[in-house]
Amino acid sequence: MRQPKVVHAAVGQLGRSFGALLLFLAASCAAPHSSGPNRFEFTEPQMGVPFRIVLYAPDKPTADQAARAAFGRITQLNDILSDYDTDSELSRLSQTAGSGRAVQASADLWFVLKRSQELAQRTDGAFDVTVGPVVSLWRKARREKRLPAPAKLAEALKAVGYRNLVLDPQCHAARLLVPYMRLDLGAIAKGYAVDAALKVLRARGVTRALVSGGGDMVAGDPPPGKRGWRIEVAPLDVTNAPPARFVLLANAGLATSGDLFQHLEIDGKRYSHIVDPHTGIGLTDHSLVTVIAPDGITADGLSTAISVLGPEAGARLVEKTRGAAVHMVRMPGDRIEMAESSRFKRFYEAP
Ligand code: AMP
Ligand code: MG
């Protein structure tokens, strides 16, 4: 088999270069200082994935209490934002679809819905949290290893469209205009959750912290004596892959979206868990998108949106977002393409 040649492309030269397929993210931190604060690490299952908190604190009780409060906040957000839990605030809102009722949202749900709709408008619906009916058909398809029936997809698509989710900014209420609409915040809720958890830690005086969960993370102040949290952006799986690279993250969010772990493969074609809301079809161009942004919710939303938009439109979106940068790897057909925005380079640790 021919080995792909590895070349990094700047935005503007997107598309034709080859590169390694996979980024793998891991955080590594400084060793504890004997005189300064100590490093503590916590992991807990939250929102269906392991969430991890790494923090520096003067002592164990301070660290334990802060982590417990942060995880508690994530649990609270899951109760509000989950589409798996039929009793969550989000699910209860979805159950009013087509009834004509406007439902007042909690501050958290309102914030996430508002940010979602802003991104939907900016991407002309490539990012769309009303994809629920279609996503649930693809989840079933993955379980049964069978493509969704076209007629069912067409039916589900009738209930998809961000313009049918109407937000009233006066009273923070939401109305779902079409019957069987179902909201899915899977593309943005974890980013918000890591932000919220970091906020809890900061409120307790723990500012040197990293919170991550399911491809989304946010960093607070760096570890003592460091410029940032060292996050590995490493290729995998390809023989002549470029060496592992690291970014330094401080007071910023980072999110990765891709179809590497969640996809359906039928007749050699791989369908992502991310769908194009205009067609209802899972993406097939194997992509891995890493976004750095001022906070977790921005990074999370953008990484999913760019997965749908593709490199050119995705890069334009990132360039127009303050403080955002993107690194993309795609494999349309048997070609491997890699590209990143100029700002992403600033985050690389000096070799
Ligand atoms: P992420 O891993 O952040 O890219 O989010 C992927 C999840 O977002 C999927 O598992 C779906 O629940 C949901 N989703 C899929 N496609 C879209 C889309 N085009 N816009 C918004 N959410 C989506
Ligand atoms: Mg996302």
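Predicted model: local features only at pLDDT ≥ 70, side-chain atom pairs only at ≥ 80, totals over all residues.
Residues are numbered from 1 along each chain as its sequence is written, chains are lettered from A and ligands numbered from 1 in the order in which they are written, and side-chain values use heavy atoms, with hydrogens and water left out.

The protein chain has eight helices and 18 strands. Helices (H or I, at least four residues) and strands (E, at least two) are DSSP runs, numbered from the N terminus. Of its 351 residues, 55% count as buried; buried means under 20% relative accessible area, exposed over 50%, and partly exposed in between (1.4 Å probe, protein chains only).

Asp300 and Thr304 are about one helical turn apart because they are four residues apart in helix α7 (residues 296-309). Both Asp300 and Thr304 are buried.

Ligand 1 has 17 residues around it, of which Asp184, Ser257, Val275, Asp300 and Thr304 come nearest. A residue is near a molecule or strand if one of its heavy atoms lies within 4 Å of it. The largest share of this shell, three residues, comes from α7. A polar side-chain atom of Thr304 lies 2.6 Å from an oxygen atom of ligand 1, and a polar side-chain atom of Asp184 also lies 2.6 Å from an oxygen atom of ligand 1. Taken alone, ligand 1 exposes 510 Å², and the protein buries 92% of that. These accessible areas come from the Shrake-Rupley method with a 1.4 Å probe; for residues, only the protein chains shown count as cover.

Helix α8 (residues 311-319) has Pro311, Gly314, Ala315, Leu317 and Val318 buried. These residues lie on the same side of α8 because they cover an arc of only 160° around the axis, the arc being that of the directions from the helix axis to the C-beta atoms. The buried residues of α8 pack against α3 (107-122), α7 and β17 (325-330), where contact means heavy atoms within 4.5 Å.

Note on methods. Polar contact = N/O pair within 3.5 Å; in protein donor to acceptor, adjacent residues only side chain to side chain.
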